[in-house]
Amino acid sequence: MAGHAAVPSRWSRVIVTRPAGEAGAWVAALQARGWEAHSLPLIDIGAPRDPQVLARLRDVQARWSHWDALMFVSTAAVQHFFDGVLPDGGAHRTGTRFWAPGPGTARTLSVALQRLGLGPERIDQPPADALQFDSEHLWPVVSSQARAGARLLVVRGVSTSADGVPMGGTEGSGREWLMEQCRARGAAVEACAAYERHAPRWTPSDRALAEQDALWFFSSSEAVAHLRTAMPAADWSRAGALCTHERIAAAARATGFVHVYTSRPSLPDVLVALESVRSPI
């Protein structure tokens, strides 16, 4: 981790930028460890509002078992996809696999599959001791499934403006990399958006919190981009950023953060990383 030698004591405050539906558990866990943790979501997540995107999602939800494998890029992808899926009597006769880039997505996926009468043995994910939880570390686990003629569906989100206008962005260059690996093996790869993401509208109290000295916890490069857009003139050179992937860390550095740290995205790993940058003062 970079920057360990010069950790300001004011970093006892942590700003959790995860979506509102996920931030509460993180804030509670950090507070239990003695951190002054606050929730300031930098991404709002909701159901697709574009009629064409929604129609595509409904079509895919009705025939998901036609694919050999479904990859879910996040817990939000799992939740929004399976909200519209009903038990299918024929699903048990298929060999459909379910890919998850990390344990959080895998746990949410296990619960969703259980409601359909399917077991967790259908889930593929990076090993627990992987250096990182991402598409690159998922690939060795699933590469044998990406054979000629195999059908893969990637379930992800789409970036929009706050008013629902598509902006063209999708999550993660790692996902695109994995899709290209599958295509190179002869697999047929499709994608659908199960939810949309956009920058939240801040209240005055949100902005006041953002202007305080803190260590920011980022789990998305898009969240970093939204912060940069919301506060384009801010000086982040004395703030801290804890990022759950090196790609996110690169975005934080490009935004102006100097004290940047990385961690695997699981809660235990994040807690250990935070303790390692806690000021000894």
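In this predicted model, strand β9 (residues 215-218) runs beside strand β10 (residues 240-243), and the two pair in the parallel sense over 4 bridges.

A second open sheet has 6 strands in the order β3-β8-β7-β4-β5-β6, and its pairing is mixed. Its edge strands are β3 (44-46) and β6, each of which pairs on one side only. Within this sheet, strand β7 (residues 151-159) and strand β8 (residues 188-198) pair in the parallel sense over 9 bridges, and V158 stands opposite E196 in β8. Helix α2 (residues 51-62) lies across β7 and β8, running at about 125° to β8. Helix α6 (residues 173-184) also packs on the sheet, touching β4 (69-72), β5 (97-99), β7 and β8, and the direction of α6 makes about 160° with that of β7.

| Helix pair | Distance between axes | Angle |
|---|---|---|
| α1 (residues 20-32) and α10 (residues 267-277) | within 11 Å | roughly 45° |
| α8 (residues 221-230) and α9 (residues 246-255) | 8 Å | about 15° |

For the pair of α1 and α10, the axes cross at roughly 45°, and the two helices are therefore oblique to each other. The crossing of α1 and α10 is right-handed. On the side of α1 the contact is made by W26, A29 and L30, and on the side of α10 by L267, V270, L271 and L274. Sorted by class, this contact of α1 with α10 has 7 nonpolar residues, with no polar and no charged ones.

The helices α8 and α9 pack at an angle of about 15°, which makes α8 roughly parallel to α9. Their crossing is right-handed. From α8 the residues S221, V224 and R228 take part in the contact, and from α9 the residues R247, I248, A251, A252 and T255. The residues of this contact divide into 4 nonpolar, 2 polar and 2 charged.

The protein averages a pLDDT of 89, and 89% of the residues score at least 70. Among the elements of the protein, helix α10 has the lowest mean pLDDT, 90, whereas strand β6 (residues 123-124) has the highest, 98. Over residues 1-8 the pLDDT stays under 50, and for this stretch the model has 18 contacts beyond four places in sequence. Where pLDDT is low, the predicted coordinates should not be read in detail.

Terms used: Residues numbered from 1 in each chain as written. Predicted model: local features only at pLDDT ≥ 70, side-chain atom pairs only at ≥ 80, totals over all residues. Heavy atoms only, no water. Axes fitted to C-alpha atoms, helices over the stretch in contact; angles between N-to-C directions. Parallel < 35°, antiparallel > 145°, perpendicular 65-115°, else oblique. Left-handed = near helix turned anticlockwise from the far one by under 90°. Contact = heavy atoms within 4.5 Å. Nonpolar A, V, L, I, M, F, W, Y, C, P; charged D, E, K, R; others polar. pLDDT = per-residue confidence, 0-100. Pairing = 2+ DSSP bridges.
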